[in-house]
Amino acid sequence: MFINDVEQCQWIRQKFETPGVMQFSSEEKRTLLARLVRSMRFEDFLARKWSSEKRFGLEGCEVMIPALKTIIDKSSEMGIENVILGMPHRGRLNVLANVIRKDLEQIFCQFDPKLEAADEGSGDVKYHLGMYHERINRVTNRNITLSLVANPSHLEAVDPVVQGKTKAEQFYRGDAQGKKVMSILVHGDAAFAGQGVVYETFHLSDLPSYTTNGTVHVVVNNQIGFTTDPRMARSSPYPTDVARVVNAPIFHVNADDPEAVIYVCSVAAEWRNTFNKDVVVDLVCYRRRGHNEMDEPMFTQPLMYKQIHRQVPVLKKYADKLIAEGTVTLQEFEEEIAKYDRICEEAYGRSKDKKILHIKHWLDSPWPGFFNVDGEPKSMTCPATGISEDVLTHIGSVASSVPLEDFKIHTGLSRILRGRADMTKNQMVDWALAEYMAFGSLLKEGIHVRLSGQDVERGTFSHRHHVLHDQEVDRRTCVPMNHLWPDQAPYTVCNSSLSEYGVLGFELGYAMASPNALVLWEAQFGDFHNTAQCIIDQFISTGQAKWVRHNGIVLLLPHGMEGMGPEHSSARPERFLQMSNDDSDAYPVFTADFEVSQLYDCNWIVVNCSTPANYFHVLRRQILLPFRKPLIIFTPKSLLRHPEAKSNFDQMVSGTSFQRVIPEDGAAARAPEQVRRLIFCTGKVYYDLVKERNSQGLEQQVAITRLEQISPFPFDLIKQEAEKYPGVELAWCQEEHKNMGYYDYISPRFMTILGRARPIWYVGRDPAAAPATGNRNTHLVSLKKFLDTAFNLQAFEGKTF
Ligand SMILES: Cc1ncc(C[n+]2csc(CCOP(=O)(O)OP(=O)(O)O)c2C)c(N)n1
Ligand SMILES: [Mg+2]
């Protein structure tokens with residue numbers, strides 16, 4: 001990296017070029033030796049006890065343990081109280097044991113295949129689990145909280161998650177400069193060079209609402225360090241290429257020289273705490289065994305591994321050095337080894353008495369006070385989400401004003417604000433105002449709200465305008481949402497970098513830190529979420545099942561077929577629904593708490609609201625629920641300005657709540673016996689259907705009912721709706737193509753409700769490869785075609801199902 005700051009260059013020069021800077025007391029050397037003993041003997045112990053188990057040992061880079069401990073000691077000395085770590089497989093168990101200091105017996109339990117899992121969910125392998133531990137740092141005698149964030153196999157995916165959690169912890173502690181909370185990210189050399197999310201994460205470090213004020217990165221670089229023949233070096237492009245893209249200095253150090261390693265690590269920690277910037281420590285080492293312990297590296301790298309096998313382990317080399325110079329005696333060294341081996345043996349003995357495995361002991365972010373002592377929700381009720389008319393009016397008035405004096409906004413914006421004032425006066429809301437009301441009311445209740453994504457401040461569709469810009473003073477801005485009440489919680493709205501994977505991971509991590517915040521990520525258009533698919537698959541959909549941890553992140557995904565082309569149309573509802581875990585075939589028992597227990601059991605909630613009021617309620621419900629689930633919302637584009645897509649205060653005041661289903665309430669509902677067809681739909685197509693029904697004058701014959709919460713499927717309400725119109729033909733109408741959208745999800749669930757006695761006919765676009773056409777005319781023709789079918793009461797006559 002090119003550093004263009006003279007002060008920083010001088011600082012580095014002084015740290016590395018001053019003669020004799022690397023001086024260690026014998027106490028420090030003995031500590032280093034003891035740490036190397038633990039690092040090496042831990043791996044040896046696992047290898048002896050479980051010779052055929054994968055553990056992704058650290059052999060060849062044992063120095064990583066003293067390296068991480070040095071960074072933590074040094075940071076603790078400079079005032080850091082909370083360190084959040086993210087790391088891949090290599091040496092992870094060793095870090096848990098010797099850096100975080102998780103009870104050894106709990107680690108050893110993970111190797112016992114007979115233990116029964118005590119927690120719900122499917123669990124995860126031992127080298128993915130997270131951890132949280134508060135303890136005294138022995139070197140500084142200060143309290144320190146260490147957590148290791150659970151992660152999937154997908155290398156580097158955890159990086160932005162760690163950063164988001166770190167940012168949130170800093171935010172809640174008012175630690176704007178990162179003086180109390182910091183993160184450390186450990187990387188493999190190949191993953192560091194190859195995975196784009198590494199770069200996305202580094203890039204976030206320079207953005208005000210995303211910076212963690214510097215992170216210390218440690219690379220376990222076991223590819224380029226050692227080779228007998230340059231043609232056989234599986235060297236990745238690292239470090240040269242990555243050095244160009246990461247905006248941080250990289251300190252390379254030989255992992256076989258432990259004193260140099262800990263010196264470099266302490267300099268790195270100091271750099272971070274001095275300049276609040278990222279820094280990379282490159283531990284150049286080798287890997288003594290194969291990728292895992294079952295792997296034979298000689299198959300593919302025979303010469304290199306012959307050479308590696310001749311290498312004297314770093315512990316032996318360092319012990320010999322200290323014995324030769326008289327810092328320790330051979331006997332002391334051997335006693336140190338015997339002492340640690342005994343600790344391992346004793347823990348092993350205790351681990352054999354355990355019968356049950358608790359994944360709950362492996363939580364990286366406990367939420368004190370949120371659950372009861374058994375880790376269960378404090379209640380199982382779905383709270384009412386309506387609020388008083390006064391609060392609605394107050395938020396509406398702030399949303400249509402400029403709270404700062406002498407602040408000149410754009411005339412186009414003045415028009416928008418006047419529109420909001422008129423709506424408030426008339427007790428109406430559109431989408432943007434409903435969102436304002438949801439956020440504002442939660443802020444009033446002490447809930448921090450954070451909205452992040454590309455262009456979210458203004459809104460991709462120029463409808464939100466949460467940040468006002470003075471037209472005459474450069475960079476002068478105002479966020480009216482932060483001027484609602486003097487004692488409100490803070491609102492953060494931030495335009496992200498042009499990243500989905502990194503930013504969604506970041507927000508997920510942010511949401512992890514506390515249950516008392518509404519954290520939302522908005523995609524520019526819903527389909528862009530697929531570049532963050534790894535975060536969705538590996539963390540959001542499955543996180544609770546794997547790591548027993550809840551997360552209430554909200555994804556806002558603009559969705560709708562509007563003739564805008566194959567991209568920008570579909571947020572791919574079918575993919576989220578396919579990953580929803582509610583059983584399509586099990587006829588549910590409709591207990592009194594069916595609605596809330598269904599939410600508790602699901603892996604995430606998927607909604608498509610057709611009214612601003614329902615959007616308002618679902619956002620509030622998200623926080624008022626006594627547990628946390630990810631919430632996926634397909635949000636509108638054209639409906640943002642649709643004259644019919646408005647709600648009245650009546651639908652938002654106290655006593656009202658989120659409607660999972662909005663039943664037909666017009667002429668058809670008043671005389672169900674005259675109805676010939678009941679159409680179920682979700683989202684924007686409802687407005688197309690109503691318009692077409694009006695134009696055909698079929699209000700008495702066709703009922704239209706909206707499914708607002710798609711998953712978990714409201715079996716109870718759908719059953720009620722179907723029973724209200726006995727014997728009527730049922731249809732599902734969607735604007736998405738048949739192999740997309742909702743049909744494959746709703747269809748078996750309808751069959752369950754209907755006892756497979758009646759069909760639910762499909763009305764919508766034909767199957768297709770692309771989610772939408774690029775031709776506007778084709779779009780309109782296909783729309784007309786399926787709307788014709790929806791209201792052709794003979795369309796399904798004589799058809800079998
Ligand atoms: C995104 C992703 N792609 C592929 C893999 C499969 N994989 C597991 S470990 C590994 C090699 C990692 O090399 P490196 O980052 O240098 O770490 P090391 O094992 O050498 O410590 C690969 C390719 C993975 N886990 N994640
Ligand atoms: Mg490697």
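Residues are numbered from 1 along each chain as its sequence is written, with chains lettered from A and ligands numbered from 1 in the order in which they are written. In this predicted model, local features need pLDDT of at least 70, side-chain atom pairs count only at pLDDT 80 or more, and totals for chains, interfaces and linings use all residues, while side-chain values use heavy atoms, with hydrogens and water left out.

**Aromatic pairs**

Rings of Phe, Tyr and Trp (its six-membered ring) pair if their centres lie within 6.5 Å; planes under 30 degrees apart are stacked, over 60 edge-to-face, and the rest tilted. The count by this rule is 36 aromatic pairs. One of them is tilted: Tyr172 and Tyr510, at 6.3 Å centre to centre with 55° between the planes. This pair links distant parts of the chain, 338 residues apart. Tyr172 belongs to helix H6 (residues 158-172) and Tyr510 to helix H17 (residues 501-513). Helices (H or I, at least four residues) and strands (E, at least two) are DSSP runs, numbered from the N terminus.

Tyr172 is partly exposed at 34% relative accessible area, whereas Tyr510 is buried at 1%. Buried means under 20% relative accessible area, exposed over 50%, and partly exposed in between (1.4 Å probe, protein chains only).

Phe370 and Phe371 pair edge-to-face, at 4.9 Å centre to centre and 75° between the planes. Both residues are buried. Elsewhere, ring pairs join Phe45, Trp50, Phe108, Phe111 and Tyr348 into a cluster.

**Charges over rings**

A charge sits over a ring if NZ of Lys or CZ of Arg is within 6 Å of the ring centre and within 35 degrees of the ring normal.

| Charged residue | Ring | Distance from ring centre |
|---|---|---|
| Lys629 | Tyr600 | 5.5 Å |
| Arg706 | Tyr686 | 3.6 Å |

**Magnesium site**

Asp189 (OD) and Asn222 (OD1) coordinate the magnesium ion (ligand 2) at 2.0 to 2.1 Å. Asp189 lies in helix H7 (residues 189-194) and Asn222 in the loop between strand S6 (215-221) and helix H9 (240-245), so the pair ties together parts 33 residues apart in sequence. Asp189 is buried at 2% relative accessible area. Asn222 also counts as buried, at 17%. Donors are N, O and S atoms within 2.8 Å of the metal (3.2 Å for Na, K and Ca); water is not among the atoms, so sites may look incomplete.
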